[in-house]
2 protein chains.
Amino acid sequence: MTKAQTAKAIRKGSSQKDALDRRQEILSAALNLFSMRDYSAITIKEIAQLAGVNSSLLYYYYEDKEALFRAALEEAVGAAMGNYDEVASKHSEPVDLINDWFQMHVTLASDIRRLVKILMDYSSSQSHSRVLDDVISKFYDVEIQILTKAVKRGQRVGLFNKVSPNAAAVFASTHLDGVMVRSIIQPRLDIAGAVDALRDAFWAYVGYKP
Amino acid sequence: MTKAQTAKAIRKGSSQKDALDRRQEILSAALNLFSMRDYSAITIKEIAQLAGVNSSLLYYYYEDKEALFRAALEEAVGAAMGNYDEVASKHSEPVDLINDWFQMHVTLASDIRRLVKILMDYSSSQSHSRVLDDVISKFYDVEIQILTKAVKRGQRVGLFNKVSPNAAAVFASTHLDGVMVRSIIQPRLDIAGAVDALRDAFWAYVGYKP
DNA sequence: GTCTATAAAAGGATAGAC
DNA sequence: GTCTATCCTTTTATAGAC
C-alpha cells in the first residue's frame, strides 16, 4: 500500500466532509505562503507540497492560482474582521476599548503583519477584482468606525478633547500599519515598545491623561 | 540602417561614458519596475524593453537579475539618504526641521512610497545579502538620528517636554512608513491630511504648542 | 558594446487513469 | 477525489556573430 492509499483509507467514509477539509487545508497552506512571500514567488507546487497533496488537486478545488489567492485574501480579512468585532463588542468604555485595540495588535502581531503584507501585494498587483476591492474597503471602514465611535463616546463623557474623531481613528489605524510594516523591514523592532509610544501619543493627541 | 545602428551611430565616440549611461539607463528602468511590482513579477525582458535595449545586454552590465535588484535597491536608498541629508542640513531650528521633514514626505511621497515597497519586498525575500542589510540598517539609523537630535535640541531650548527623544523619533518615522503603506493599499488616501494629523499628534506628544 | 539565436529550467495548467 | 504524466509557455541565462 502506498502512502497515498493509506491516507485515503484513513479518510474513507463521508467524502463530503473530507472535501471541505481538503479545501481548507489547501487554502490554509496558500495563505501561509502568500503572506510570507509575493504572489509570483509562490508556486502551485509549493502550496501543494505544504498542504501534502498533489499539485493537480489544487485545480480541482480552485479554478487557478489567482482564484486561490483571492480566497486566501478573503480568508485573512475575514479572520481579522472577527478579531476586530470581538474586541469592539467586549468594551463599552472608550479608554479600555482603545487600550485593548492597541494590545491586540501586539498579541496578534504576526497575523496582522501577514494581512498587511498580503494586502500590499494585492494592491500592487495588476489584476484587481471588484469584490476584493470592496472587501478591503469594508475592512478598513470597519476599523475606522470602531475607533471613531470610541473617540466620540470619550468626548461625550468628557474624557477627551475636541479633536476630529475620524482623524484620530485614521491616525491610530495608520500608525498600527506602520508598526507592522516596520516590523517586516526590521524584524528586530520592539513591537510592544512601538505600540506603547503610539498609546502615549494617542492619549496626548486626544487630550486624555491616563 | 536599422534603428539599433542609428542609435549606435549617434552614441559614437567616447565609449566609456556611453557604457556608464547605458548602465544607468538599465538601472533606472529596473528601479522603476521593481518599485512598482514584486521582484519575481518583473522579467528581465520587461526591464530591457523599458530601457530600450536587448535583454541580453543586461547580463553584460550585471551578473544576474538579483545583482540588478541589489543595485536598484542601493540606488533608491542612496537617493533617499541624499534627500534626508539635505533637509537635515538646511535647518538649525528643531521645529522647522521637523515640520520640513514631514513636508518632505508629502512632496516626495511617490519616491518614498516606492522605497518602502522595495524595502518590504527585499525583507520578505529569501536571499539576503550582508551588504544590503547593512545599507538598510544604516538608512533607518540616519533617519532616527536626525530626528532624535532635533528633539534633543528642542528640549535643550525648552520648547519640548521631557520625553524620550529616541522614542519620539521612532514614533514619527514609523508613522510616516504607515502613511506610505496605507497610500499603497488605499490609493485614495489623503497623504497631506494624514501627515497633518501626524504633525498635530507629534507636537502633542513632545508637548509643543505651535 | 550590442544583438540574434538558443539552451535549459521552471512554472501553470490539462487529460486521463484509478 | 486524488494522482501520474505531460504539454505549453514563460523566463533566466549563455554562446557567439557583428
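In this predicted model, domain 1 of chain A and domain 2 of chain A bury about 660 Å² between them, 54% of it on carbon and sulfur atoms, where buried area is the accessible area (1.4 Å probe) that two parts lose on being put together, summed over both. The bounds of the two domains come from an automatic or database domain assignment, and further values for the pair are tabulated here.

| Item | Value |
|---|---|
| Bounds in chain A | domain 1 (1-62), domain 2 (74-210) |
| Separation of centres over C-alpha atoms | 33 Å |
| Salt bridge Asp38(A) with Lys117(A), closest N and O atoms | 2.9 Å |

A salt bridge here is a side-chain nitrogen of Lys or Arg within 4 Å of a carboxyl oxygen of Asp or Glu. Contact (heavy atoms within 4.5 Å) links 10 residues of domain 1 of chain A with six residues of domain 2 of chain A.

Thr174(A) is placed in helix H9 of chain A, helices being DSSP runs (H or I, at least four residues) numbered from the N terminus. Thr174(A) counts as buried because its relative accessibility is 1%, the cut-off for buried being under 20% relative accessible area (1.4 Å probe, protein chains only). A polar atom of the Thr174(A) side chain lies 2.7 Å from the backbone oxygen of Val170(A), and Thr174(A) also touches His175(B), Gly178(B), Val179(B) and Arg182(B), leaving aside residues up to four places away in sequence.

Residues are numbered from 1 along each chain as its sequence is written, and chains are lettered from A in the order in which they are written. Local features need pLDDT of at least 70, side-chain atom pairs count only at pLDDT 80 or more, and totals for chains, interfaces and linings use all residues, while side-chain values use heavy atoms, without hydrogens and water.

Note on methods: Helix = DSSP H or I, 4+ residues; strand = E, 2+ residues; numbered from the N terminus. Buried < 20%, exposed > 50% of the residue type's maximum accessible area, 1.4 Å probe, protein only. Polar contact = N/O pair within 3.5 Å; in protein donor to acceptor, adjacent residues only side chain to side chain.
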